[in-house]
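Please look over the sequence and the model before reading on.

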Amino acid sequence: MQNKQIFSIFKDFLENKNLTLSDELNNLYLKTYKNLKIDLQDEALLETISKEDRLELLEKISAKINVDDINNQKIIDIFFHEITDSIDYIYNLIISKQLGG
């Protein structure tokens, strides 16, 4: 399983929120990643985003998570929702450019 880019974003998010990567959180991350069937091409798309876009993605995720009243499953759900939305957005940009839009 190749998930370096997404896991790197996840670790940055945890660091920004002063959260620790517990065994439970790590296991939920791995399970969700596998279930979503994110592939190498999806990972590669996220490698292409600029530093500013990466920071914006981290801010979007962080804004939706209040660490005082959140559980690990909710963290994972929100994180992967934003990741998959970002991947879809990048794909749509590529398609629109190919179609001349």
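Which side chain does a polar contact of 2.5 Å join to that of Arg54? The partner is Asp12. The model under discussion is a predicted one.

Arg54 belongs to helix H4, which spans residues 51-63. With a relative accessibility of 16%, Arg54 counts as buried, because the limit for that class is under 20%.

Leaving aside residues up to four places away in sequence, Arg54 touches Gln5, Ser8, Ile9, Asp12 and Ile49.

## Helices H4 and H5

Helix H5 covers residues 72-98, and its axis comes within 9 Å of that of H4, crossing at roughly 145°. This crossing is right-handed.

On the H4 side, the contact is formed by Leu57, Lys60 and Ile61, which meet Ile78, Phe79, Glu82, Ile83 and Ser86 of H5. Five of these residues are nonpolar, one is polar and two are charged.

## Helix H3

Helix H3 consists of residues 40-47, and its buried residues are Asp42, Glu43, Leu45 and Leu46. Viewed down the axis of H3, these residues fall within an arc of 155°, so they line one face of the helix. The face turned away from this buried side carries Leu40 and Glu47, which are exposed.

The buried residues of H3 pack against helix H1 (4-16), helix H2 (23-36) and H5. At the start of H3, a side-chain oxygen of Asp39 reaches to within 3.1 Å of the backbone nitrogen of Gln41.

How values were computed: Residues are numbered from 1 along each chain as its sequence is written. This is a predicted model: local features need pLDDT of at least 70, side-chain atom pairs count only at pLDDT 80 or more; totals for chains, interfaces and linings use all residues. Side-chain values use heavy atoms; hydrogens and water are left out. Helices (H or I, at least four residues) and strands (E, at least two) are DSSP runs, numbered from the N terminus. Buried means under 20% relative accessible area, exposed over 50%, partly exposed in between (1.4 Å probe, protein chains only). A polar contact is a pair of N or O atoms within 3.5 Å; within protein, one must be able to donate a hydrogen and the other to accept it, and residues adjacent in sequence count only if both atoms are side-chain atoms. Contact means heavy atoms within 4.5 Å. Axes are lines fitted to C-alpha atoms, for helices over the stretch in contact, and angles run from 0 to 180 degrees between N-to-C directions. A crossing is left-handed if the near helix is turned anticlockwise from the far one by less than a right angle, and right-handed if clockwise. Ala, Val, Leu, Ile, Met, Phe, Trp, Tyr, Cys and Pro count as nonpolar, Asp, Glu, Lys and Arg as charged, and the others, Gly among them, as polar. The arc is that of the directions from the helix axis to the C-beta atoms.
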